[in-house]
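Keep the 3D view open beside you and take the points in order.

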Amino acid sequence: MSEREKILGRIREALKVKAPRPGSHGDPLVQAAAEPPVSHARDWLPSVGASVEEQFAMFARNAADLKAEFQLFAGRDELRAALVSLCAAEKWRRIASHGGELTDFACQAIGLPVTLTDRGYDVQAMEKCDAGITECDALIAQTGGVVVNSRGAGGRALSVLPPHHVVIARREQLVADLPAAFARLQSKYAPDFPSMISFITGPSRTGDIERILVLGAHGPKKLTILCL
Amino acid sequence: MSSFVSQFKTLAGEKTRDLRHRQVIRTALRSYEVVRDKRKAAFQSWEFARQAAAETKWEAVNHLDTHLEALVAKLEARGTKVHWASTGAQACAIIAQILRDQKAHSIIKSKAMTSEEIHLNHALEQEGFTVVESDLGEFIVQLRHEPPYHIVFPSMHLTRGEIQDLFQKELGDAPSDSPEELTMVARRVMRQKYLTADVGFTGANFAIAETGMISITENEGNARLTAALPKTMITLLGIEKILPRFADLALFLPMLATAGAGQPMTCYNTMYSGPRQPGECDGPEAWHVVLLDNRRTELLADAEQRDALHCIRCGACLNVCPIFRNVGGHTYGTTYSGPVGSVITPHLRGLQDWKHLSNASSLCGACTEACPVKIDLHHHLLQNRRNASVSEPAFFERLAYKLFSIVANEPKFWSLAKKLGWLTQPLQKAVKGSALDPAKAWTKTRDLPPMPKESFKDWWRNRK
Amino acid sequence: MFRRNRMTITLFIPCFIDALFPRAGISMVEILERLGHSVVCPEAIACCGQPPFNSGYWEEARTIAGPVLEKLADAEAVVIGSGSCGAMLKNFYPELFANTPQAELAKKVSARTWEFSDFLVSKLGVTDLGAKFPHKVTFHDGCHGLRELGIKAAPRALLGKVRGLEFVELMEESCCGFGGTFSAKFPMISTAMGEVKCAAAAETGADYIISNDSSCLMHIQGLLSRQGSPIKTIHLAEVLNQQ
C-alpha cells in the first residue's frame, strides 16, 4: 500500500467517530447551516463605506497606516509628473518592469533604462534596479493593500526583489473588501489561476528584534501606489 | 519521573526566577496586546468571525480525506509533484532525495514550524546540505543553534544588544544595536543567498481544496523570494492545513493577522497553485509538495480533541498564557509550545511522557478565549489529565484522593480534619517552609492563611 | 426589604470558605437573609470534588460529587461564593456525570446553580446593598468565574453602589496562579504568576484586593504576607456586608 493510501485510510478510520460541531456544546446532532460559514464574512470584517469616495478615503488611510504611499490622479499628465518627481527624489538610475498598458506609460515617463521581465530576465540585473514597477489586480479599501499575480505583474520576483515597489493602478480596480477581492480573482481567473497570487499589504516589514517595526526586511522598503 | 518532566521543572525553576526574562517578554507582548485589541475592535463582530472560522475548520478537518484528494488532484493537474509522508523521517528522506536528484547544495528556507517538528535542518545537514533560514527571527536563532522561542516570534526572548553581539561574532558585521541596522545586516547577508540557492523551501499556512493552492503568510518577503528565485521549490504541508474554499481566505487571512500579530493583514499573503506556468517569466521549474501526517491522524481519531487540528498556528494562545509568559518557550522542550503545544504534544509524542505539560496549567482559560478558531484548549488539558490518570494512575495521588473523598463524604471526619488543622497550626508554623513542613511546596514562597478556631459550619450550628 | 418572591436559598459553602474564610460565608448568609430570603446550608457537604476532577481522577471526583448532587436535588437555588466551585457545579458536573444514572440530576442542579454576585444582580435584581467601605480597592476576577461562567459585570455593579469605595481596575487581566493542586505541583510557576498579579495590584495603589473567589485570595494573600505588603485581600461578600 502506498503512503497515500495509508494516510487516507487512517483519516477515514478516524472520521468514523463524529466530532461535535463548534458551539454545539457536545451535541453531535446539531447540524451545519446549508451555506458555507464564511458567506457572511462581510458582515463581521471591519466595515467599509458604501460610496467610492468613502472607499478611496479608507484605502488612503489604511495605506498610510501601513507606511505605504498612495496618490490618486485626475489624469495621465498628473501621473507622469508624479513619476518624474518620484524618480528624481529617489535618485533612481535603473528600473525593472513588465509590459502593460500602464507600466509602458510609466516607464516612458520615467525615461530610465528598464529591465523588462516579460521574456525572462537576469536576476542579478534586477537586483541592481532601484525600483520595480508593476500593474495589479485590485486595490482593497478594507486593508489598504494591493493584489498582484505572476501573470499580470511581471512574474514572482519583480514586486519583491527591488527595494522600491511602485504599483500603477486604475480607479476601477478598487474593491471594497477582502470577500470582493477573492470574488473578483475567482471570476477573472478560475480555473486557470496564475501560479502566484499575492496580497501585498504595505512594504516588507519585521518586528523580530524586540517587536520594533523595521521596514524592508527582505522585500521592498518602500511601496508606492499610484492610481489613475 | 520521566526525564522530560524533570527537565521541564528544572528549566521552569530557572526561568521563573529570571526577572529579566519576565520583563523582556512582558515588554514584547505589551505592544502586541495594544495593537491586537485595536484590530479586534475594528471587526464588526470578532465573535461571529470566530464562530465562522471554527465551523469552516470543522468542515475541513471532518472531511479531510475528500478535501485532501481534491487538493492533490488540482496540484498535480498543474504539474506539481505531490509526496505523502506518514512520519517525519519519511518526509526528511523524501526531501533529501529531491535535493540529491537536483544535485542541490544550498537551500534557502522560509519559516516553517512543520520543518522544526520533523527536525529537517538537522537531517539535511547530516547529509551535507547547507540550509539557511531566511526569516529574520529564525535566522537569529539558527545562528545561536537553538530552536525558535515562539512559533510566530522566534527571537522574542533576545534583546537588541544580544543580537548585536551575535551578529558581530557570527557575521562580523554589527554597526550598532539599532533594530533597523541589524535588520539591514541580515538583509544584505540574505540577498546573495537567495540569488544563488539551488532550492527554496517553504512551509504553508493554508491549503485550498477547491482551487489546489497553498497559501503562505509572512511579513518580510522572504517566502516570496524563496518561492520566486531558486529553480526548485519544496513545500512541507501538515495535512490539517486544509480550507475548503478559496473565499475562506477572505476571513482567515485577516483573522490570522489580527490574532497573531495585531495586524489588519500580514504584509504578504501569497497563494501558489503550481510551478512556473506557460507564459510566466519566472518561478521554479519544479514544485514538490510534501504532505505530512506525523501522528496528526492520531489526534484526528480523538473526536473529543479533534478541534485541536483547527489550529492555524497564530500564537495567540501563547501570548496570553501566564504559564508561557513565565516559563518561556524553550522550557517546554517541544516544537509547539504554550497551550496548544501542551494539548497536542501528548498526541504527537506520547501522553505519559508529555502529560506534565497538561498538569502545568492553572486552567485559567485565557487561551481558549484568545483562540481565533475556538479550540477548547484548556478543557483539552483537563481531558489529557483524565486520560493520563486512567491509562496510568499515579498510585499515591489516587490514594490521596480516595482518602480525601472519604473525609469529604463524612461530616465527622471533615470536622475532625478541621480540628486537627487548627491544633497543628502552631507546629506547622515552627517548621514553615523547611523540609519538615508537609506544606512546603506552598510555604516556601507563600504564607498559609491563619485557620480560625470556629469554622463556618461551627458558626452555622451554633446560631441555629 | 424585598419580601415578595421570598426564596429558600441553598448556600453551598466550599471547603476553604468553611475551614479558612468563614467570614465570607457568614456575610453571604447575613446579606441573603437581610434581603428577606431564607437560607439553608447542607452541613454534610464539604467539597464539590474539584481537586480530584482537575487532577484527572474523575472516578474519585464522582464519589464526592455524586452525594453532593443528591443533597442538592430539591434545592430551589444553589448559591456559591466562589466562581471556581460554581463552575464545577454548573459546567463540569454535567460533563462528569454524562452517561451515568445521575446525568439528568446533574443538568437539573447545574441549571439552578448561581455564583453569589451573579445571583444578586441577575436573579434577585439587586445591586445596592447599602454597604459602606471607605477604601481604595481593585478587583481580581477569578478565572473560572470570569471565563467558565462569564461573570464580569455583576461584581462591578455591586461594588459601584458601595459608599465611600474608590475602584481601580487592574491593568492586566491575568490568573493569580493558584489553580488548585497546580500551586503545589508547580510552585515555581504558580508563585511567578502570583507575583505578577501582586505587582499589578500594587501599581493601582489600592488598599484592598477584592474577589468573588476566596481560593484566589488565599493565594494572593499568601504572597502579599510573605512579601510584607500592606495590601489586604477580602471577599466581595464581606465588603457588601459592611454597613
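Predicted model: local features only at pLDDT ≥ 70, side-chain atom pairs only at ≥ 80, totals over all residues.

1. A word on domains first: their bounds come from an automatic or database domain assignment. In chain C this gives domain 1 (8–122) and domain 2 (128–240), and the C-alpha centres of these two domains of chain C are 21 Å apart.

2. Residues are numbered from 1 along each chain as its sequence is written, chains are lettered from A and ligands numbered from 1 in the order in which they are written, and side-chain values use heavy atoms, with hydrogens and water left out.

3. Now look at how the two domains of chain C meet. Domain 1 of chain C brings 28 residues into contact with 21 residues of domain 2 of chain C, where contact means heavy atoms within 4.5 Å. Together they bury about 2000 Å², with 68% of it on carbon and sulfur atoms; buried area is the accessible area (1.4 Å probe) that two parts lose on being put together, summed over both.

4. What holds for polar pairs across this boundary? Between domain 1 and domain 2 of chain C there are zero salt bridges, a salt bridge being a side-chain nitrogen of Lys or Arg within 4 Å of a carboxyl oxygen of Asp or Glu. The rule does find seven residue pairs in polar contact there (both at pLDDT 80 or more). A polar contact is a pair of N or O atoms within 3.5 Å; within protein, one must be able to donate a hydrogen and the other to accept it, and residues adjacent in sequence count only if both atoms are side-chain atoms.

5. On the side of domain 1 of chain C that touches domain 2 of chain C, the elements giving two or more residues are α1 (15–19), α2 (22–34), α5 (83–96) and α7 (116–123) of chain C. The largest share, seven residues, comes from α5(C). Helices (H or I, at least four residues) and strands (E, at least two) are DSSP runs, numbered from the N terminus.

6. Stay with α7(C) for a moment. Its buried residues are C:F116, C:S117, C:D118, C:F119 and C:L120; buried means under 20% relative accessible area, exposed over 50%, and partly exposed in between (1.4 Å probe, protein chains only). Their cover includes β1 (8–12), α2, β3 (77–80), β4 (113–115), α9 (153–159) and α13 (236–240) of chain C. After α7(C) comes C:G125, with a positive phi near 70°.

7. C:R163 sits in the loop between α9 and β6 (166–167) of chain C. Is C:R163 buried or partly exposed? C:R163 counts as partly exposed because its relative accessibility is 40%. Leaving out residues up to four places away in sequence, C:R163 touches C:D128, C:G130, C:A131, C:K132, C:F133 and C:P134.

8. Finally, turn to chain B against chain C. The contact takes 64 residues from chain B and 70 residues from chain C, and the two chains bury about 5700 Å² between them, 61% of it on carbon and sulfur atoms. B:Y401, B:R446 and B:F456 supply 13% of the area that chain B buries against chain C, more than any other three residues.

9. Across the interface of chain B and chain C the rule finds twelve salt bridges. One to look up joins the side chains of C:E195 and B:R22 (2.9 Å, N to O). Helix α20 (residues 395–409) of chain B gives the most to the side of chain B that touches chain C, with eight residues.
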